[in-house]
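Subject: Structure handover and findings

Dear colleague,

Please find below the structure that I am handing over to you. The findings follow directly after it.

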Amino acid sequence: MNDQASSAVALHRNLIDGRDTAASDGALLDVLSPIDGLLFARIASGTAEDVDAAVKAARAAYEGAWSRLTATERGRLLIKLAAAVEGDAETLAALESRDNGKPLRQSRADVTALARYFEYYGSAADKLHGEVIPYLNTHFIGVERVPHGVTGHIIPWNYPMQIFGRSVGAALAAGNATVVKPAEDASLTILRVAALAREVGFPEGALNIVTGLGRIAGAALAAHPGIDFLSFTGSPETGTMVQTAAAKNHVGVTLELGGKSAQVVFDDADLERALPALVNAIIQNGGQTCSAGSRLLIQRGIFKDVVDAVAERFRALRAGRPDREPDLGPMINQAQQRRVQAYLERAKNEGLTVAAAGGIASDAPAGGYYVAPTFFAPVAHESVLSQEEVFGPVLVATPFEDEAEAVRLANGTAYGLAAGVWTRDAMRSTRVARAMRVGQVFVNCYGAGGGVELPFGGFGRSGHGREKGFEGLVEFTTTRTLVIAHG
Ligand code: TXE
């Protein structure tokens, strides 16, 4: 494994060309645990030189050992990696909770999803067919699906394992060689999984990991002329920089940039079923989820009742340390904690009504980055809290009169990632679901537990391109058309 337990503070190095490698200038970044704010590991602060070495290693693999494998052999390696991840599940989950702060049950769910991604894409690798096109009788036209070449993957900190699985798993299955830049706040599980990949026999250079700062290692990867395709999940601002860098090299990019997703609750909804899902959709992972259900749109006749019921649940919520199975853990870092607190302050200064707030567990360490979950109602659709992604445990509720207004409000932000529709009226549920300008709509449910098989991605400020499911595999390919004259 890639960690040297020389002292309490483990050192983790990059994986380049199959070897553990220090940053070219030897620089390290401190890794603080969000649970208590204490230093517990150090990672390499990757440089442009390291990124260049990783891209060259990936190119060599792409032109060498990696490309010599058949699709079936690539798939088998991914399936072996899925088994290795499952075998290492408890260690990975504990490491993720320490590094990221998420409750252990969420870390375990992330490990399961990661293994499923490798299994799903591994078993799909040799089913990625091309097609034959009817043309002149004198010609045979074949269209084959081919990998882009060397792909770059910039991963955020909120679901490191899941996002690594959906992006890198698909890219490898399609035959690309990969260079990955994990988030500086959550690199450790990705490094460990990469070490497992080496153990199960991935050829050197097929999977390279360069940790470090976004503005240095991330920017170098996005701009590297040796990269043939990029996958980015993170903030819209950084997404713009990544897409600009990709444009300069004329390569494609998928962007997954978060959301401000609405849950629309009609007055005939099954509230017993809806209420836990309405709360969980914003509390899961401390609200640091791109598809978090951060806005409730509630039909006016039941507005007060639903707000009261959600408020009651909110008051019982506790943020706490991951090993105590709290409702939510800490925010990822101090900057994110302050960002959420600033939104809360601003909302209060603007006179928004706090319908309910949860608390911070009494045994949560003082140095951790905890935030009490807060529910505001009623909140105007135009307010900052209704329009901007907070990425924390902050929920707003807005009343609506009728179906047309519900659709207008649900689609009324710059984002378009996910939506929920709660009604017993089957015709209406389908009509409203199909009017949502988002990549995924949930009817009488919310969230898909990873949703490995289900295409996912956004409209507008949520980004473009699709990940997960077979669509996500196709994104990591392009085509080559063969025009063969035979008569
Ligand atoms: O994101 P960044 P941050 C949103 C969420 C959050 C906000 C800020 O609203 O509050 O973004 O989070 C790398 N070139 N999401 O600052 O900067 C960085 O190292 C290339 C939504 O953490 O976008 C990390 O690996 N890469 C979201 C990744 O980009 C750069 C998940 C994401 O970091 C870079 C996370 C650069 N110049 C945050 N600068 C979602 N869609 O789920 C940084 N990076």
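In what follows, a residue counts as buried under 20% relative accessible area, as exposed over 50% and as partly exposed in between, with a 1.4 Å probe and protein chains only. The model is predicted, so that local features need pLDDT of at least 70 and side-chain atom pairs count only at pLDDT 80 or more, while totals for chains, interfaces and linings use all residues. Residues are numbered from 1 along each chain as its sequence is written, and side-chain values use heavy atoms, with hydrogens and water left out.

Aromatic pairs

Rings of Phe, Tyr and Trp (its six-membered ring) are taken as a pair if their centres lie within 6.5 Å; planes under 30 degrees apart count as stacked, over 60 as edge-to-face and the rest as tilted. By this rule there are nine aromatic pairs. One of them is edge-to-face and joins F229 to F476, at 5.6 Å centre to centre and 75° between the planes. Since F229 belongs to strand β12 (residues 229-233) and F476 to the loop between α16 (469-474) and β24 (477-485), the pair ties together parts that are 247 residues apart in sequence. Helices (H or I, at least four residues) and strands (E, at least two) are DSSP runs, numbered from the N terminus. F476 has a relative accessible area of 2% and is therefore buried; F229, at 6%, is buried as well.

A second pair is formed by Y120 and Y121, whose ring centres are 5.1 Å apart with planes at 85°, so this pair is also edge-to-face. Both tyrosines, Y120 and Y121, are buried. Together with Y117, Y120 and Y121 make up one aromatic cluster.

Nonpolar cores

A nonpolar core is here a set of buried Ala, Val, Leu, Ile, Met, Phe, Trp, Tyr and Cys residues joined through side-chain atoms within 4.5 Å. The largest such core has 76 residues, and V85, F118, F164, F202 and I209 have the most contacts inside it. Helix α5 (residues 104-124) gives the most to this core, namely 10 residues. For F202, leaving aside residues up to four places away in sequence, the contacts (heavy atoms within 4.5 Å) are W66, L77, L78, L81, L172 and A197. Another core, of 35 residues, lies apart from the largest one and has V265, A319, A397 and Y446 among its members.

Two strands pair if DSSP finds at least two bridges between them. Seven strands form an open sheet with mixed pairing, in the order β17-β19-β20-β15-β14-β21-β22. At its edges are β17 (354-357) and β22 (440-443), each of which pairs on one side only. Neighbouring strands are turned by 20° against each other on average, direction ignored; axes are lines fitted to C-alpha atoms, for helices over the stretch in contact, and angles run from 0 to 180 degrees between N-to-C directions.

Within the sheet, β14 (residues 261-265) and β21 (residues 418-422) pair in the parallel sense over four bridges. V265 has W422 as its bridge partner in β21. Helix α11 (residues 303-315) packs on the sheet, where it touches β15 (293-299), β17, β19 (374-376) and β20 (394-400), and its direction makes about 30° with that of β17.

Salt bridges

With a salt bridge defined as a side-chain nitrogen of Lys or Arg within 4 Å of a carboxyl oxygen of Asp or Glu, the structure holds 27 of them. Helix α11 contains both K304 and D308, four residues apart, about one turn of the helix. Their closest N and O atoms are 2.7 Å apart. K304 is exposed, at a relative accessible area of 57%, whereas D308 is partly exposed, at 37%.

E237 and R461 form a salt bridge at 3.1 Å, N to O. This pair links distant parts of the chain, 224 residues apart: E237 lies in helix α9 (residues 236-248) and R461 in the loop between β22 and β23 (463-464). Both count as partly exposed, E237 at 49% relative accessibility and R461 at 35%.

R42 and D30 meet in a further salt bridge, at 2.8 Å, N to O. As R42 lies in strand β6 (residues 39-44) and D30 in strand β5 (residues 28-32), the pair ties together parts that are 12 residues apart in sequence.

Yours sincerely
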